[in-house]
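Dear colleague,

Please find below the structure I promised to hand over, followed by my notes on it.

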Amino acid sequence: MEGREDNIDPDRVVLPPDQTPQVHNLCEEMFDKLSEYLTGEMSMTIEDYRLLEHMNKMTKEKYENMTEVAAQVAFSMQELNIKYRNLKPYLDQIDQLDAAVVELENTAYRLDAYAKKLEAKFKDLEKK
């Protein structure tokens, strides 16, 4: 049996006459089922691509909206920076006034304390 080839030539296979229609029907059924299966697979693939296309469109729209928002934010930031630069001298003046008011307040407290000491000394002198 060594050296014997087990290759079967499909053109030489002969089926008994009573099985030929049955094999033919089974082959047709197999091809119909295979066709249905492949059609289903192709339909699923097409639907997957449609879903991906829809997701890509939605993502594109989302990023376009985000780009618009970012551009608006950048523009608003530029406007705010310009307004801040214009207000900066006034803000510096306010800070200087605040420092002067704090210094004046401290001087007033010291003056008040000194006045109370003088008043106490004056009362002591009056008593004597």
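Before the rest, a word on provenance. This is a predicted model, in which local features need pLDDT of at least 70 and side-chain atom pairs count only at pLDDT 80 or more, while totals for chains, interfaces and linings use all residues. Residues are numbered from 1 along each chain as its sequence is written, and side-chain values use heavy atoms, with hydrogens and water left out.

As for the overall picture, the protein has one helix and zero strands, both being DSSP runs numbered from the N terminus (helices H or I with at least four residues, strands E with at least two). Of the 128 residues in the protein, buried ones make up 0%. The accessible surface comes to about 12800 Å², and carbon and sulfur atoms account for 60% of that surface; the areas were computed by the Shrake-Rupley method with a 1.4 Å probe, and for residues only the protein chains shown count as cover.

Searching the whole structure gives six salt bridges, each defined as a side-chain nitrogen of Lys or Arg within 4 Å of a carboxyl oxygen of Asp or Glu. One of them joins K57 to E53 at 3.8 Å, N to O; these two residues are about one helical turn apart because they are separated by four residues in helix α1. E53, at 44% relative accessibility, is likewise partly exposed. Another joins D92 and K88 at 3.0 Å, N to O, and this pair too is four residues apart in helix α1, with D92 at 30% relative accessibility and K88 at 34%. A further bridge links E47 and R50 at 2.8 Å, N to O, where the spacing in helix α1 is three residues, about one turn.

Finally, E28, E29, D32 and E36 gather in a patch of negative charge on the surface. Such patches are made of residues with over 30% relative accessible area and no salt bridge, like charges being joined within 9 Å, with Asp and Glu counted as negative and the charge placed at CG of Asp or CD of Glu. E29 lies in helix α1, which spans residues 20–127, and is partly exposed at 43% relative accessibility.

How values were computed
Patch = residues over 30% accessible without salt bridge, like charges linked within 9 Å, V, L, I, M, F, W, Y side chains within 5 Å. Buried < 20%, exposed > 50% of the residue type's maximum accessible area, 1.4 Å probe, protein only.
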